[in-house]
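Biologist: Please pick one part of this structure and take me through it closely. Start with the whole, then zoom in.

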Amino acid sequence: VDVTGTEEGVHFRVDVSDPDGNIISLVPDNLPTGATANPVPGNAGQLQVDWVPGYDFVQHPATEQIVPLQFTATDDHVPAAQTSFSVNVRVADVNRPATITSVSLITPEPLNENQPITIRVTGNDADSEDMVLVTPVAIPDATSLGIVQVSRIVTDITFRHGYDYVIHPAATRDNTATFSATDGFQPLPATTTFDYTVNDAN
């Protein structure tokens with residue numbers, strides 16, 4: 001027997017019957033922590049099983065975890081007849097997506113042409129086993145110098161704008177960088193923008 005639920009909740013009813021019409025006592029043998037199995041009023045052969053595994057129960061890269069639950073049914077005949085059976089509970093992962101919480105300059109201002117510029121992108125992912133993977137989607141007219149994963153949720157992105165970035169007679173040029181973040185499991189990445197100004201280095 002298979003039952004399917006998610007990390008947010010598994011709910012099912014176990015129902016057994018006796019061909020001789022005897023009263024059945026049905027008990028669980030190995031409920032996981034936090035699960036309950038309550039008799040259904042008016043029917044000793046039924047149990048309502050409820051369990052909230054929690055978001056950390058299925059660990060990525062797994063998408064589900066199968067948990068066998070064992071039950072024993074005993075009739076009231078003398079001598080009693082007894083049987084055991086299992087229910088395989090398939091707990092499907094509920095992914096909590098990565099988000100971007102802040103973007104900041106690591107390189108002190110003012111920023112100049114041809115100077116390495118480092119921007120730090122900090123994310124968050126409530127699934128503690130996931131990395132927040134940041135990608136520069138667009139940094140117009142820039143040359144990438146590298147991406148460093150500082151920690152599970154922090155990424156430093158370094159780039160530079162060449163000497164022709166600011167066009168005379170302008171003394172500065174404003175730019176907008178776009179970044180995305182994903183945990184590798186969410187269907188769409190989180191995105192954000194960051195504005196900064198580059199000075200002419202004539």
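**From the surface to strand 5**

Modeller: The protein's accessible surface is about 10900 Å², and carbon and sulfur atoms hold 53% of it (Shrake-Rupley method, 1.4 Å probe; for residues, only the protein chains shown count as cover). This is a predicted model: local features need pLDDT of at least 70, side-chain atom pairs count only at pLDDT 80 or more, and totals for chains, interfaces and linings use all residues. Residues are numbered from 1 along each chain as its sequence is written, and side-chain values use heavy atoms, without hydrogens or water.

Now the outline. The C-alpha atoms fill a box of roughly 100 × 25 × 20 Å along the principal axes. The radius of gyration is 29 Å, while a compact globule of 202 residues would have one near 17 Å (taken over C-alpha atoms; the globule rule is 2.2 Å times the number of residues to the power 0.38). The protein has 15 strands and zero helices (DSSP runs numbered from the N terminus: E, at least two residues, for strands; H or I, at least four, for helices).

Zoom in on strand 5, residues 43-51. Strand 2, residues 10-15, runs antiparallel to strand 5, joined by six bridges. There, R13 faces Q48 of strand 5. Strand 4, residues 36-40, is also antiparallel to strand 5, with five bridges. A37 has V49 of strand 5 as its bridge partner. Strands 4 and 5 form a hairpin with two residues between them, and G42 there has a positive phi near 90 degrees.

How values were computed. Two strands pair if DSSP finds at least two bridges between them.
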